[in-house]
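Please open the model in your viewer and keep the selection tool at hand.

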Amino acid sequence: MRPPAEAIGALALIVTAIAFVIFLGVEAALLYSAWRFRASRVPGLAPQITGNRTLEIVWTGIPLLILVVVFVLMTGTMREIGTSVAGGSTPAQMKVLAVGAQWWWEYRYPTSGGDVIVANELHIPVNTPVDVDLETADVVHSFWVPEISGKTDMIPGKTNHLRLYAAHTGTYSGQCAEFCGVEHAWMRITVVADAQGDFDRWLQAQARPRGDASAGAQGEKVFMSNLCVSCHAIRGTDAKGEAGPDLTHVGGRTTLGAGVLTNTPQNMRAWLADPQKYKPGSLMPRVPLSDADLDALVTYLEGLK
Ligand code: CUA
């Protein structure tokens, strides 16, 4: 299959071409009428308009035909980019659950060993149709990565479906597309399309509990003895919070706060010291920590690759 954006783009081009032909036709008819019924032709009299049954049938038939053609083309495109659930023409080779929350994303990969949970960075294999189930933990969000998907809302109490397809490896950017509160704009979506082998290795790594944390042992103590532990999970430790993103491999992500900062030790420190400065209204509170505790926490979290 081709990326949904290409299918949608091709359809838009055809519809635009049809609209352009109609525009030319209407303009030509106007010019002809202005000339044909000009005042000098019938001095002192408005032109006599008489009924023309054939013309009326043709005039009604042509728009009907155009609408039927556009309808057929459109349902074909919908089938092409549709998910398996929506009767798409290409079966999915992979499934992911995406959950929107104020203001970040959780992704769950079903595997034989249970769900692999990651946050804010969705990896998919290239050239593979991926069906995404869309849910929300709170209000309405909308999932949209223009280059590789259509746009579908996440509605409370409902599971919607969307097809992703990337024809090239690389990083694709998207954005929550339904206003969902004060930090709606910072609900960025990052999708990384990997070669199949790279994807498999990535998923295996994400499935593991947190690695050797001896270098960050002090930071882990800080994490476990502060508010952090009540909202975040780090598999392999006692941290099992579900309100915020899973942090088991947070050090390996490219951004912090769903796109608000690039993930560097300096930014991690700034973010932990005052999340409200970078994402005002975010549910991540400012936790008062000493400089030494902050440093230890940064070392620990950045070490979780
Ligand atoms: Cu989530 Cu806008």
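In what order do the five strands of the open sheet lie? In this predicted model, the order is S3-S2-S1-S5-S8, and the pairing is mixed. Select strand S3 (114–119) and strand S8 (160–164): these stand at the edges, each with a single partner strand, so one side of each has no neighbour in the sheet. From one strand to the next, the twist averages 30 degrees.

Next, select strand S1 (residues 94–101) together with strand S2 (residues 104–111). The two run antiparallel and are joined by five bridges. Ala101 has Trp104 of S2 as its bridge partner.

Now turn to helix H1 (residues 4–36) and helix H2 (residues 53–81), whose axes come within 9 Å and cross at roughly 170 degrees. Because angles over 145 degrees count as roughly antiparallel, H1 is roughly antiparallel to H2. To display the contact, select residues including Leu11, Ile14 and Ile18 of H1, and Val70, Leu73 and Met74 of H2. By class, this contact comprises 13 nonpolar, one polar and one charged residues.

Finally, select helix H4 (residues 217–224), in which Gly219, Glu220, Val222 and Phe223 are buried. These residues lie on the same side of H4, because the arc they cover around the axis is only 160 degrees.

Conventions:
Residues are numbered from 1 along each chain as its sequence is written. This is a predicted model: local features need pLDDT of at least 70, side-chain atom pairs count only at pLDDT 80 or more; totals for chains, interfaces and linings use all residues. Side-chain values use heavy atoms; hydrogens and water are left out. Buried means under 20% relative accessible area, exposed over 50%, partly exposed in between (1.4 Å probe, protein chains only). Helices (H or I, at least four residues) and strands (E, at least two) are DSSP runs, numbered from the N terminus. The arc is that of the directions from the helix axis to the C-beta atoms. Two strands pair if DSSP finds at least two bridges between them. Axes are lines fitted to C-alpha atoms, for helices over the stretch in contact, and angles run from 0 to 180 degrees between N-to-C directions. Angles under 35 degrees count as roughly parallel, over 145 as roughly antiparallel, 65 to 115 as roughly perpendicular and the rest as oblique. Contact means heavy atoms within 4.5 Å. Ala, Val, Leu, Ile, Met, Phe, Trp, Tyr, Cys and Pro count as nonpolar, Asp, Glu, Lys and Arg as charged, and the others, Gly among them, as polar.
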